Amino acid sequence: MLFLFVDGLGLGEALEDLFPLLLSLSPHPLDATLGVEGLPQSGTGQTALLTGVNAARLLGHHQGPFPSPRLRPLLKASLYAWAKEEGLAVLHANAYRPEYLEKAMRGRHLFLSAFAQSARLAGLPLLPLDHPLALPPGFWEDPYGVGARAAALTRRFDLVVLEYWALDLLAHRDPERLPERFRELTLFLRGFLDEGGELLLTSDHGNAEEPWHPRHTLNPVPLVYTGEAPPPPLDLTGVLPWMQRILTSKYKKSDRNT
């Protein structure tokens, strides 16, 4: 399975033109506000996705872009840690520039996403750009080919996680160029699905679905899964237990067939 986390993607009418492939996959809406006033943010939203804990309510506000020190202990019990404890082969597939990692991990504050921090806490490596298992997290020369590579990785690992942050980056800095990134993501997904890949896609907050401004939104975020699944959750905190049910059922069935 590929868990494709798309940073900053909500559901909105503009996706009919920008991202029709997503809509063809019948996305389920997830509440990203978590009952807390203000615009959802990445630090608390991603922590909620990965741990099942309402991080925004815990702090009393939405927080981002990186998890605060108060949230870091929650990440020790993330999806990555659970999957490893269950004996699943897990890959955090994002590729990183060494100079970025050196800067991000210098000093007391970690300038790493909740996904990267959770992977490290679970003992998974943050792979360099030239690693054969690593996937650049966007701005691809051949997005269809990268999607096909991602599908090949899911045949080697039980769970592959990839953060795609290019939409959120452009939505904040250069919204006029968002159509390019939506085309890139569409080609990536076509390459992945054409190779028979099993996809789970979701986000932490809205942003890129309203390309006429650079702010986060209150819109629900999409949840897509192309396999058999139990009824979907209502908000970000339900994604982890929902994924645990899917993965447990999937690999127990696989064990029975071997």
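The model is predicted, with local features requiring pLDDT of at least 70 and side-chain atom pairs counted only at pLDDT 80 or more, while totals for chains, interfaces and linings use all residues. Residues are numbered from 1 along each chain as its sequence is written, and side-chain values use heavy atoms, leaving out hydrogens and water.

Helices (H or I, at least four residues) and strands (E, at least two) are DSSP runs, numbered from the N terminus.

On the H9 side the contact is made by Ala166, Leu167, Leu170 and Ala171, and on the H10 side by Leu178, Arg181, Phe182 and Leu185. Contact means heavy atoms within 4.5 Å. Sorted by class, this contact has seven nonpolar, no polar and one charged residues. In this scheme Ala, Val, Leu, Ile, Met, Phe, Trp, Tyr, Cys and Pro count as nonpolar, Asp, Glu, Lys and Arg as charged, and the others, Gly among them, as polar.

Next come the charged side chains. Side chains of opposite charge can pair when their charged atoms come close. A salt bridge is a side-chain nitrogen of Lys or Arg within 4 Å of a carboxyl oxygen of Asp or Glu, and by this rule the count comes to six salt bridges. One of them joins Arg177 to Asp174, with the closest N and O atoms 3.8 Å apart. Arg177 also meets Glu180 in a salt bridge at 3.7 Å, N to O. Glu180 in turn forms a salt bridge with Arg181, with an N to O distance of 3.7 Å. Shared partners join Asp174, Arg177, Glu180, Arg181 and Glu184 into one network. Several of these residues are partly exposed: Arg177 has a relative accessible area of 34%, Asp174 has 27% and Glu180 has 33%. Arg181, at 8%, is buried.

Some backbone details also deserve a look. The peptide bond from Gly64 to Pro65 is cis, with omega near 5°, and Pro65 lies in the loop between helix H4 (55–59) and helix H5 (79–85). Ser26 is not a glycine, yet has a positive phi of about 55°. This serine, Ser26, sits in the loop between helix H2 (20–24) and strand E2 (28–30) and is exposed, with a relative accessible area of 60%. Phe139 likewise is a residue other than glycine with a positive phi, near 55°. Phe139 is found in the loop between strand E5 (127–128) and helix H8 (143–154), where it is partly exposed at 37% relative accessibility.

Finally, the aromatic rings. Rings of Phe, Tyr and Trp (its six-membered ring) pair if their centres lie within 6.5 Å; planes under 30 degrees apart count as stacked, over 60 as edge-to-face and the rest as tilted. The count by this rule comes to nine aromatic pairs. Phe19 and Phe182 form a tilted pair, 5.6 Å centre to centre with 55° between the planes. This pair links distant parts of the chain, 163 residues apart: Phe19 is in the loop between helix H1 (15–18) and H2, and Phe182 is in helix H10. Phe19 is buried at 0% relative accessibility, and Phe182 is buried at 0% as well. Phe66 and Phe111 form an edge-to-face pair, 5.9 Å centre to centre with 80° between the planes. Phe66 is partly exposed at 26%, and Phe111 is partly exposed at 42%. Elsewhere, Phe3, Phe5 and Phe115 form one aromatic cluster.

Notes. Buried < 20%, exposed > 50% of the residue type's maximum accessible area, 1.4 Å probe, protein only.
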